[in-house]
Amino acid sequence: MSVRDLARIAVFAALTAAMGLVGSITLAGGVPITLQSLGVMLAGAVLGPWRGAASMGLLILGVAIGLPLLAGGRGGIGVFVSPTAGYLIGYVIAPIVIGLIVRGRPTWLRVGLGCLIGGIFSIYVFGIPVQAWLTELSLVESLITSLVFLPGDLTKMVVATLITMALYRASPQSFESEGVQREVAVAH
C-alpha cells in the first residue's frame with residue numbers, strides 16, 4: 001500500500017466519523033439514524049473494496065480504543081455489546097460488496113446498485129440480527145423497527161451515487177482499481 005492509499009483510507013475514516021457529528025436520531029430499537037452510512041457507501045464506491053474496508057476498519061479500531069467517533073460522541077468497547085454492534089460489522093463488509101460491484105469504471109447503475117446491495121442490504125444483514133439478539137426482540141420485530149432506516153438509507157444511496165459520479169467526472173484517475181494501480185506503480 002502506498003502513502004497515498006494510506007492517506008485516502010484515513011481521510012474516509014475521518015469523513016465517516018465527521019458525519020456522526022452532524023447529529024443523530026434514536027428511535028425504536030436503540031440504533032441511531034446518522035449520516036455515517038453515507039460515508040460507508042462513499043468509501044466502497046470511491047476507494048474500492050479493500051481500501052474502503054480498511055477505512056471502515058480504521059474507524060472501528062478508533063471506536064474500540066475509545067475515540068468518540070460514532071454519532072452522539074459514542075466510542076469505546078461498550079458499543080460492541082449494544083444494538084449498534086452488528087451495524088458496525090456491516091460497516092466493514094459493505095465497502096467490500098460496494099467496491100466489487102462498482103469495480104472498474106464507475107457507472108450510475110453500478111454505483112447505485114453497489115450502494116443498495118452493499119450499503120444498505122449487507123449492513124442490515126449484520127445489523128438486524130445482532131440488534132434483535134441484544135434487544136431481545138424477535139428477528140421479525142427487529143426487522144420491522146429497522147424499516148424506519150430505509151427512507152434515509154435510500155436517500156443516502158442516491159446522494160452517494162451523485163457524489164461518486166461527480167468525483168469520477170472530476171478526477172477519473174482517482175478511481176483506478178487497486179490491482180491496476182499496483183501494476184502501474186511496478187511499471188514505473
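Leaving aside its neighbours within four places in sequence, which residues is S142 in contact with? The answer is I128, Q131, A132 and L137, where contact means heavy atoms within 4.5 Å. S142 is found in helix α6, residues 139–146. Helices here are DSSP runs of H or I with at least four residues, strands are runs of E with at least two, and both are numbered from the N terminus. S142 counts as buried because its relative accessibility is 0%. Buried means under 20% relative accessible area, exposed means over 50%, and partly exposed lies in between (1.4 Å probe, protein chains only). A polar atom of the S142 side chain lies 3.2 Å from the backbone oxygen of I128.

The model is predicted: local features need pLDDT of at least 70, side-chain atom pairs count only at pLDDT 80 or more, and totals for chains, interfaces and linings use all residues. Residues are numbered from 1 along each chain as its sequence is written, and side-chain values use heavy atoms, with hydrogens and water left out.

The protein has 8 helices and 2 strands. Along the sequence they follow the pattern α-β-β-α-α-α-α-α-α-α. The protein contains 188 residues, and 46% of them are buried. Among contacts with a separation of 6 or more, 68% join residues 24 or more positions apart. The accessible surface comes to about 8,900 Å². Carbon and sulfur atoms account for 75% of that surface. Accessible areas come from the Shrake-Rupley method with a 1.4 Å probe; for residues, only the protein chains shown count as cover.

Helix α3 covers residues 49–64. The expected span of a helix is 1.5 Å times one less than its number of residues. For the 16 residues of α3 this gives 22 Å, and the end C-alpha atoms are 22 Å apart, which agrees. The buried residues of α3 are P49, R51, G52, A53, S55, M56, L59, I60, G62 and V63. Just after α3, G66 takes a positive phi of about 105°.

Helix α1 spans residues 3–19 and includes A7. A7 is partly exposed, with a relative accessible area of 41%. The C-alpha atoms of A7 and S55 are separated by 9.7 Å, although the two are 48 residues apart along the chain.

The count of salt bridges comes to 2. A salt bridge is a side-chain nitrogen of Lys or Arg within 4 Å of a carboxyl oxygen of Asp or Glu. One joins the side chains of D5 and R51, at 3.1 Å from N to O. D5 lies in helix α1 and R51 in helix α3, so the pair ties together parts 46 residues apart in sequence. D5 is buried at 9% relative accessibility, and R51 is buried at 2%.

D153 forms a salt bridge with K156, with the closest N and O atoms 3.1 Å apart. Both residues lie in helix α7, residues 150–170. They are 3 residues apart, so about one helical turn separates them. D153 is buried at 6% relative accessibility, as is K156 at 8%.

A nonpolar surface patch of about 780 Å² is made by I89, L109, L113, L116, I117, F121, V125, F126 and L154. Patches are made of residues with over 30% relative accessible area and no salt bridge: like charges are joined within 9 Å, and nonpolar side chains (Val, Leu, Ile, Met, Phe, Trp, Tyr) within 5 Å. Helix α5, residues 108–135, gives the most to the patch, with 7 residues. F121 lies in α5 and counts as exposed at 55% relative accessibility.

Technical notes. A polar contact is a pair of N or O atoms within 3.5 Å; within protein, one must be able to donate a hydrogen and the other to accept it, and residues adjacent in sequence count only if both atoms are side-chain atoms.
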